[in-house]
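Trainee: Hey, can you walk me through this one? I'd like to know how to read it.

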Amino acid sequence: MGAMSMVAVCVAALTDTVPLGQVLSSFGSSIVWLIVSAFLLARGFIKTGLGSRIAYHFIVFLGKSTLGLAYGLIFTELLFAPGTPSNTARGAGIIYPIITGLNEEYGSNPNNGTERKIGSYLIKLLFQVNVITSAMFVTATAGNPLVISIAAGEGIELSWGIWALACSVPGIANLIILPLVLYFVYPPELKKTPDAPLFAEKKLKELGNMKVNEIFMMVVFIMLLVLWIFGDTVGINDTTAGILGLIVLLFTGVLKWDDIIKEKSAWDTFIWMAVLIMLSTKLSTMGVTDWFGVNIKNMIGNCSTYFRT
């Protein structure tokens, strides 16, 4: 995707469709830098182990049944969604290893036909939950800021707080209902999981006492949530808050500069998102978006006329 974006930059500049200065200007977009800073902050959750620790605590309190276990993992997803713009990093880096450990604990493995014990239910559920939480916050997945950019081109300003507020009701309703629906549509064989809290307590003992870096990570995360929600009232925009959080993590040693430059997903996203924002803006200003919308509208209208006759 990054390579194709660079091809688009080259073609746009060579054909003079978009002047080179305008092509490169999108790399300075505050939206792009917001998502990059959030990507780098997400690295802190995985590096410090804070994500796994919190997930295991949820399992200790809620994991005595399969349904409680499901809600514990959902709470973990929801908690970390605002600070992890890669749903792959969130799902595969934090949640999936925990589900894998639980599957091993209960002998639920597709290789020997025992996946329906608990594993299939949890995997199918958390896949859908990952999609829902990705839609609930601007910084929950890389595509959301692109939507904000397109909306801004139409004169609609969406802040982090407005997006979260608008998505909170449908998002939370889905997260409450989905485990129950799947529990009856695709039920696990194991309904009770009394050993899950013991498994989580064992993992917490392996992690040891909460480390200083984890405390710093938690404090920065809380600070960012407050700034993203209320920052406009004190004159701090979302991107400034994200970069501030990143600087704090660097100065406290939670992240090293090597961690920053090695985060390939962040810099790959930086390139293709900047180019997509530039392309979407130019398509709108050149009238292509309106032309496409009108034609689709007419096409659908003709179809409805055909079906009525």
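This is a predicted model: local features need pLDDT of at least 70, side-chain atom pairs count only at pLDDT 80 or more; totals for chains, interfaces and linings use all residues.

Trainee: Ok, how many helices and strands are in the chain?

Mentor: The chain has 15 helices and zero strands. Both are DSSP runs numbered from the N terminus: H or I over at least four residues for helices, E over at least two for strands.

Trainee: And what does the C-alpha trace span along its principal axes?

Mentor: About 65 × 65 × 40 Å.

Trainee: How much of the chain counts as buried?

Mentor: The figure is 44% of the 309 residues. Buried means under 20% relative accessible area, exposed means over 50%, and partly exposed is in between, using a 1.4 Å probe and protein chains only.

Trainee: What share of the contacts comes from residues 24 or more positions apart?

Mentor: Of the contacts with a separation of 6 or more, 78% are between residues 24 or more positions apart. Contact here means heavy atoms within 4.5 Å.

Trainee: Let's go inside. How many residues are in the largest nonpolar core?

Mentor: That core has 77 residues, and I59, L102, L122 and L125 have the most contacts inside it. The largest share, nine residues, comes from helix α3, residues 30-48. A nonpolar core is a set of buried Ala, Val, Leu, Ile, Met, Phe, Trp, Tyr and Cys residues joined through side-chain atoms within 4.5 Å.

Trainee: Which residues does L125 touch?

Mentor: Leaving out residues up to four places away in sequence, L125 touches A70, I74, L178, P179 and L182.

Trainee: Back to α3. At what angle do α3 and α14 pack?

Mentor: The angle between α3 and helix α14 (residues 264-285) is about 165°, and their axes are 9 Å apart. Axes are lines fitted to C-alpha atoms, for helices over the stretch in contact, and angles run from 0 to 180 degrees between N-to-C directions.

Trainee: Are they roughly parallel or roughly antiparallel?

Mentor: Roughly antiparallel, α3 to α14. The cut-offs are under 35 degrees for roughly parallel, over 145 for roughly antiparallel and 65 to 115 for roughly perpendicular, with the rest oblique.

Trainee: Which residues meet there?

Mentor: From α3 you have I31, V32, W33, I35, V36, F39 and L40, and they meet S265, A266, W267, T269, F270, M273, A274 and I277 of α14. By class, this contact of α3 with α14 has 13 nonpolar, two polar and no charged residues. Ala, Val, Leu, Ile, Met, Phe, Trp, Tyr, Cys and Pro count as nonpolar, Asp, Glu, Lys and Arg as charged, and the others, Gly among them, as polar.

Trainee: What about α8 and α14, at what angle do they pack?

Mentor: Helix α8 (residues 144-153) packs on α14 at about 25°, with the axes 10 Å apart. That makes α8 roughly parallel to α14. In α8, P145, L146, S149 and I150 meet M273, L276, I277, S280 and T281 of α14. The contact of α8 with α14 has six nonpolar, three polar and no charged residues by class.

Trainee: And how do α5 and α6 cross?

Mentor: The axes of helix α5 (residues 66-80) and α6 come within 11 Å and cross at roughly 165°. So α5 is roughly antiparallel to α6. On the α5 side the contact is made by L69, L73, T76, E77 and F80, and on the α6 side by R90, G91, I94, I95, I98, I99 and L102. By class, the contact of α5 with α6 has eight nonpolar, two polar and two charged residues.

Trainee: Single residues now. Is T239 buried or exposed?

Mentor: T239 is buried, at 10% relative accessible area. T239 is found in helix α12, residues 238-251, and touches S30, I31, W33 and L34, not counting residues up to four places away in sequence.

Trainee: And where is A92 found?

Mentor: A92 is in helix α6, residues 87-105. A92 is partly exposed, with a relative accessible area of 45%.

Trainee: Last one: what is phi of D16 near?

Mentor: Phi of D16 is near 60°, a positive value in a residue other than glycine. Most residues other than glycine have a negative phi. D16 lies in the loop between α1 (2-14) and α2 (20-25), and counts as exposed at 58% relative accessibility.

How values were computed. Residues are numbered from 1 along each chain as its sequence is written. Side-chain values use heavy atoms; hydrogens and water are left out.
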